Amino acid sequence: MSIGVSRDGAIDCGRALTAHPSRWWLAAGLAALSASIWLATFVGYTASDDAAYLDGARGWLHHFPYVGTQWWQVRLPTVLPIAVSIGLLGEGEYAMTLPGLFYQAGIVLVAFTFLQRLSSVPVAVAASLLLATLPVDVMESSIADAVVPMVFFAGLSLWLFILATRRPERQVRLLLAAGAVAGIAEIAHEAAVGIILVYGILFLEGFAIPRRRYWIMAGGFAIAIGLEMLYYGLAAGDPFHRIEMSLGDAHVADRPVMTGIGMDKTGPLRVRPV
């Protein structure tokens, strides 16, 4: 998996590496390293949140079109790849966690691809090695979990935004893509709302691009969220199904109501004092 970026800002899979065959070997080595670490530190099934993701994946396989009944099950960037994996490979620890490996390798390779174009190969390799060995990502990638998918899409959104600030001739397309991918990140996990706050601060600052162009990203974000809302509107009769579940009372025994500064009612959207 690689995303090439041409000098004029166009995105072309593999193009950045084709012109330099040795970089294919570097990318392959980074992917192999990610896979090796994944296997060496494999966690597997924990009978916690991953049980709900597995139930959601089963729902998509056997009851399409499926509407999740728990907040975990409406995190589609996590649930749908698990459904595909267990549908092809059968149910098992490795099958249900395999999408996490692809997301983790994607985080590493996307960073490598963008950095070797925007900076230099040594910088790209160093950053990729840090990402490939980051303990929290390594651990979470071998569990069926929503964190690594969220990091992948949020990171890709930021890379696209950075590229857009340097490629004015392709800026509209890149900003639209950055916004759409940020929308997918928010669908993956509610914590991705943080990236929207970051973009909001950059908008107020007028960072790198005219403020009016930030609305292009907002349009891309609205497209991603709008498609999800359209699905739930048709399948569940409620376009706000995921949002209501995320904000509502989930009645989970091991998640007590938070004290201090907070806005949750034992649901997944939690604000904790630092």
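Read along the sequence, this protein, given here as a predicted model, follows the pattern β-β-α-α-α-α-α-α-α-α-α-α-α-α, with 12 helices and two strands in total, where helices (H or I, at least four residues) and strands (E, at least two) are DSSP runs numbered from the N terminus. Residues are numbered from 1 along each chain, and local features need pLDDT of at least 70, while side-chain atom pairs count only at pLDDT 80 or more. Side-chain values use heavy atoms, with hydrogens and water left out.

Of the 274 residues in the protein, 47% are buried, that is, under 20% relative accessible area with a 1.4 Å probe and protein chains only.

| Helix | Residues | Residues in the contact, among them |
|---|---|---|
| α3 | 49-62 | Tyr53, Leu54, Trp60 |
| α4 | 76-89 | Leu76, Ile82, Ile86 |

Helices α3 and α4 pack at an angle of about 65°, with their axes 8 Å apart, the axes being lines fitted to C-alpha atoms over the stretch in contact and the angles running from 0 to 180 degrees between N-to-C directions. The two helices are therefore roughly perpendicular to each other, a term that covers 65 to 115 degrees.

Within helix α4 lies Ser85, which is buried with a relative accessible area of 8%. The side chain of Ser85 reaches the backbone oxygen of Ala95 at 2.4 Å. Not counting residues up to four places away in sequence, Ser85 touches Gly90, Ala95, Leu98 and Pro99, where contact means heavy atoms within 4.5 Å.

Conventions: Parallel < 35°, antiparallel > 145°, perpendicular 65-115°, else oblique. Buried < 20%, exposed > 50% of the residue type's maximum accessible area, 1.4 Å probe, protein only. Polar contact = N/O pair within 3.5 Å; in protein donor to acceptor, adjacent residues only side chain to side chain.
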